[in-house]
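Here is a short report on a two-chain model. Look over the sequence and the structure first, then read on.

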Amino acid sequence: MAEVEKQVERLLNSKDFVVIGKGIARVDSLEAVTGRLAFTGDLLPSNVLYVRPVRSTVPHALIKDIDFSAAKNIPGIVGIYTWRDIPGINDAGSLIPDRPFLAVDKVRHYGEAMAIIAGERPEAVDEAIGLVRVEYERLPAVFDPVEAMKPDAPKVHDKGNICRHMKIRKGDVEKGFQEADVIIENTYQTEFIDSVPPEPEIGLASPDQDGGITCIGSMQNPFDVRWKVADILGLPQEKVRVIQAATGGGFGPKSDETPIDVCAYAALVAYKTGRSAVSIMTRDEAMVTQAKRHKFIIKNKTGARSDGRLVAWESTLIEDTGAYISKGHLVIVRAIFHCAGPYDIPNVKADGYCVLTNNTFAGSTRGFGAPQAFFAAERQMDELARKLGMDPFELRLKNLLRRGSKTITSAEIEDDGLAMCAEWVYNNSEWVRKRREYEEFNRKTRGPIRKGIGVAMIYHGNTLGPEGEDFAYVDVSVDKDGKVSVRTGLTDFGTGAATGLLMIVAEELGVTLDKVRMERPDTSKVQNPGPTVASRVTAIGGRAAQEAASKIREKLKGVAAEMLGCPSERVVFREGRVYDSENPENKVSFEEVVSQAYRIGLELKETGYYIAPPTKWDEETGQGKPYNQYTYGAEVAEVEVDVETGLVKVVRITCAFDVGRIVNPIGLKDVVHGGTIMGMGQAIMERFIHEDGIVLTDNFSTYWIPTAVDSPEIIYHLIESPGPAGAYGAKAMGEIPVVPPPAAISNAVAHALGVPVKQIPLTPDRVLELVKRAGET
Amino acid sequence: MSFGSPWFTLPEFTYHKPKTLKEALELLDKYGEEAKVMAGGVGLLAFMKERLMAPSHVIDLKGVPELGQAIYKEGEGLTIGATVTLNELARYGPLKKFGALHDAVRDIADPIIRNRATLVGNLCEAIPWVDTPPALIALGAEVEIRSLKGERRVPVKDFIKGPVEIDLEPGELVTAVHVPEPRRNSRSRFIKYNTGSEFALVSVAANVVMDGGRVRDVSLVYGAVSSTPQVAVKAADALKSAEKPWEVLDEVGRIASEEVEAVSDVLASEEYRRHLIRVLTLRVLREVMG
C-alpha cells in the first residue's frame, strides 16, 4: 500500500523537465578557469589607497593610549582613523549591534580592530601598522565557555556571558528515564574551526559624484554590507551601492561580519579622502577575525528499552560564540533542534546556552551548529548500541523518523526520505559484511592498521526556519532579441547556485540555457532578497525565479496563441520553440514571439517573490514547527587507523541524501564531494587553537585542512522525495554534506579501536590516547 | 605575532637573469650580501613577502643552461644542478638507484610545488621540516659551491648550520648537489609522517650496508624533529654492533628516540615526536634491511 502510494506521488510530482535535472557545468566555470572572472582584486584603480586596521594583540584589555606618532611619519601615509572619525554609528554587528566597528576603550578578543591606516602604497601601510604603539591595561579574561557561565566569571560585555538559553521540553523526560532499561550519559566536545574560503576578505570603495559610496567586494550578502556601511558613514541606505564581485568561496563567514568590516574600512577612507580605497585581509588576518564554526560541549543522556526503542533523551549544549554574538544566538537554535538525531523519541529535554568568551568570535559556518549536534547525537547512538549489544545500524532503523513520526519539537514528518537514504546506504555500503570483516581483521591482524566502519544519519531543517524571514526576490527580463536576464541580490560565491537559478528560468521560459544570463548582484538594481545563507538559493530563490519567469511566459502565451492561431492553453514553450501542443509543426521561435510582444508594447520584465510559510514554535518548550521541510542523509564511513602513529585515513564514504528534486546533478555532485571533504576535515584534521585567547593557528602551516590528496573515495546517491517549500520540490543541500562526516568518521574510528570517541578532531595525538585507553580496557 | 605578514607585495629589488655561470658569479661577486639567487623561487619569494629577506638584487639562475641538468655517471654518482626542479628530478630514471632521495623527491609537497621547486633550493632554504636534506645526508651527499675565487665541496650535513642558516659566503653559489654512487649491498629509504600533503611532523632517512646477516654500516637521519636534521649516532652504533640486527630493532628505535633533539610546537608535542621517531625508525629499518 505504502509502495503504491509512493509511486502515485512520484508520478504526480514528476514533470517532463527539459533543463532541470540535466547535468550542467557551472555557468561561470570556463571564465573562472581561464582567469577572466573579475574578482575584486582585479578591479583596483591605479590610484587606489590601501587600508588596513591596527589590531589588538591581547584578548581582553582597556585601551589606555594609542600612539600613532611614528606611524604617521611614514612617507605615503594618507590618513589614520579611529572611532572618533566615524560619522555614523560605530557598530559592525550583522544582526545584534554588539561589536564596535573600531574599538573605543576596550578590546574583547585578539585581533580586534582599533584604528585604520590608509596609504598610497601597501608597504607604507604595513610598515606604519608595525610602528603603532598601544598601551593596554589587561583585564581578567575567560576562554572556557563552562567557566564563562559561572556567576563570578569575568564579563565579556556589560551583561552576563550567557546570551541565549534555548529550551526543548517534550513529554516527560523523568518518566521516560524511569521506563528505560538502559541509560547512558556522555559528554562530547568539538573545537573552533575556520572554514578558510580561498579568497580572503576584500572590499573596494569609491566615492560617487553625488556624495554616495560604491563598494565592490567578496561577500555573500550585499544588502547586509550596504546596511552597515551606510550606518557607519551616517548615510541614507540609497547613498551606498554594493556590488558583489566574483567571490572566491564563502562557507558562511562571507555572510557574516568580516565582509562588512573590509568594505567599511575602505568606505570610511573613501568618504574621508574622496579617493578610491581598498582593504584586503591577509590570510592570517582573515583566519583570526572571520567567523568560526562554534566550539560545542554537549552532554547527552539517553534512555532506551532493552529492545533498543528510545524513550528519553536529555541534552545540555554549551556553545562558545567568542567575544561577540554574531550568529551565535541562531546557531544554538539549529543545534538544539537537531540535538537528538533524526529519531522518534517521546520524551526530550534539552537546554542550549550561547556563551560569550574572550576567544575570537564564531558565527555563520556551513552547517550552522548541525555538525556539532549530530556528532554528539550520533556518537551517543553508537555508545547506546554498544551498551545494548545491538548493531548500530539496526538501532537507528528501529528509531528512525518516518512518515508520521514526530520530531523533538513534535512536528510531524511528512515523507520517508530518511528511510530511503538509510536503506540505500545499508545495502550499498555492504554494512553487514564489512562490519563483521573488519572486526575479524582487527582480531587477527599483527600489523599496525585497524579497520573501522561507522554510520551516521541526519535530518536538516530546511533553510532559515527559526533564523529569519525566508523570502526571496528574483527579477527576470527578456530583451527584444530574446535574451533573458536574471537579476537578484542572492549570490553565488562558488556554490553553483547561479547556475541553478538560470536553469529554473530556462525551464520555465522554454529556452536553452545559453540564452539566459545572470547579472552581478548590485544593491542599486534589485530589492533586498534576504540573505544568501542556509542553503536557500535553489530551494527558496528558485521559487521566486520560477514565479518571475512563469509570469513572463504567461504574458507571451497570449501573444503566441494569436501568432499560432490556437488557444493559449495549447501553447508550449520548449527549447527555444513555441508551438501548438496539438500540432507541433505549427511553431514559431521564442525570439519571434518576444519580438511580437515588443511590437504590441508588452513589458517583459517581472519580479518574482516567494516567502516560505512562517514557522512557529514555543519559546519555552521549543514545541511547534520550526522548519517547513527536512533534507535527509545517511552516511557510512570506512577508516583505517594506524595504532602506532595515530593517523586516521578515511578510505571510503558511502552516502545518500534526499534532495527533494535534483535541479543540477553536476552541481549536487560537487556539493556532496566538497562538503564531505570539508566535514572530514572537522572530523580528523582541523583544530583551530586559541591559547589564552591568542590564535596559534593563523595560517595553513599550522592549520591543516584536507586537500585533494586526503580525499576518500566518495560514493553517493541522490533520492528525490519532494518537499512542499522548495522549487519543484527541491530541498536545501548546500550545507548538508558537511554534517554527517564528523559523526560517521568518529563512529568508524570508535569501531576500529573499540573505545568511545568523545572529542574531535581525531588528530594523531588524540588517537594515540584512545589506543592507549583501548589497551587498558 | 603581528598582522603585518605576509605583506601584499614583494620589497623592491633589481632583477637579473644571467645567461652563463660566469656572469652569475660576477653578479654575485659584485652585489655580495645585497643579492639573493633564485631558482624556483618557492622559498625566496615567500620569505621576501614576509620581509624575512629584502635583497636589493635578485639573480635568477634559470637562464644558465648548465645549472639545469641532472647527470648520473655509473660509479661516480648523481649530480643535480641548481635549477633542476623536483618533478624533473622525479622523472629522471637513474634517481631510482638512490632510494631515500627518490622517496623524498616523489612525495614532497604536491605536484604544483614540485613543478617549480628545486632540490638545491629546498636544501638552501634549510627549513627544518623540508624533506630532502635527511635523505641527502643519509646518502652522504655533498654540495658543490662556486665563486669567482674558486670552488669547494661541503657535505650536506655540515652545509646546514641551523634553521635557515647555511655554510655559504656572500659571492658564493651552490651550483649542484652531488650524491655518491650507492655502496654495494646498500639500500636506502625515506619515510615521512604527515597527513596528506602537509609538512612532515617527523621524517626519517635510513641508508644501510648489509654484510651477510649483519649491518656493516647504517646512517639514520631525522627531519622535522628539531631545528636541523638530526643524525642518530648511538642508534646506528647499536645496530652495527648487533650480531643479530633484526632482534635489536626495538632497542635501536628507542635509542634513536632518546638521543636526537626533538621539539614541541603547535603541530606536535615533543613526546609525540619522540614516539613517532621510534615507530618510524622501526618501519624504515624493516624496509631497508628486508
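Predicted model: local features only at pLDDT ≥ 70, side-chain atom pairs only at ≥ 80, totals over all residues.

## Where the chains meet

Chain A and chain B bury about 2700 Å² between them. Carbon and sulfur atoms account for 67% of that area. Chain A brings 39 residues to the contact, and chain B brings 26 residues. Three residues stand out on the chain A side: A:Glu644, A:Thr645 and A:Trp704. They supply 22% of the area that chain A buries against chain B, more than any other three residues.

What polar links join chain A and chain B? There are two salt bridges and five residue pairs in polar contact, counting pairs with both residues at pLDDT 80 or more. One salt bridge pairs B:Arg283 with A:Glu644; their closest N and O atoms are 2.9 Å apart. A:Glu644 is also one of the three residues named above for buried area.

Several elements of chain A each supply at least two residues to the side that touches chain B. They are strand S1 (49-55), helix H4 (122-131), helix H9 (283-289) and helix H20 (764-776). H4(A) gives the largest share of that side, four residues.

## Nonpolar cores

The largest nonpolar core has 141 residues. A:Ile745, B:Leu220 and B:Leu285 have the most contacts inside this core. Helix H11 (residues 370-388) of chain A gives the most to it, with ten residues. A second, separate core has 52 residues, including A:Met503, A:Phe573, A:Leu604 and A:Ala730. In soluble globular proteins, nonpolar side chains tend to be buried together.

Take B:Leu285 as a close-up. Beyond its neighbours within four places in sequence, B:Leu285 is in contact with B:Ala206, B:Val208, B:Val218, B:Leu220, B:Leu239, B:Leu249, B:Val252 and B:Gly290. B:Leu220, on that list, is also among the residues with the most contacts inside the core.

## Helix H12 of chain A

Helix H12 of chain A spans residues 392-399. Its buried residues are A:Pro392, A:Phe393, A:Leu395, A:Arg396 and A:Asn399. Why do these residues lie on the same side of H12(A)? They cover an arc of only 160 degrees around the axis, which puts them there.

A:Asp391 caps the N-terminal end of H12(A). A side-chain oxygen of A:Asp391 lies 2.7 Å from the backbone nitrogen of A:Phe393.

## Helix H4 of chain B

Helix H4 of chain B (residues 99-107) is mostly covered. Seven of its nine residues are buried. They are B:Gly99, B:Ala100, B:Leu101, B:His102, B:Asp103, B:Ala104 and B:Val105. Just after H4(B), B:Ala109 takes a positive phi of about 45 degrees.

Conventions:
Residues numbered from 1 in each chain as written. Chains lettered and ligands numbered in written order. Heavy atoms only, no water. Core = buried A, V, L, I, M, F, W, Y, C linked by side-chain atoms within 4.5 Å. Buried < 20%, exposed > 50% of the residue type's maximum accessible area, 1.4 Å probe, protein only. Contact = heavy atoms within 4.5 Å. Arc of directions from axis to C-beta. Polar contact = N/O pair within 3.5 Å; in protein donor to acceptor, adjacent residues only side chain to side chain. Buried area = accessible area lost by both parts, 1.4 Å probe. Salt bridge = Lys/Arg side-chain N within 4 Å of Asp/Glu carboxyl O.
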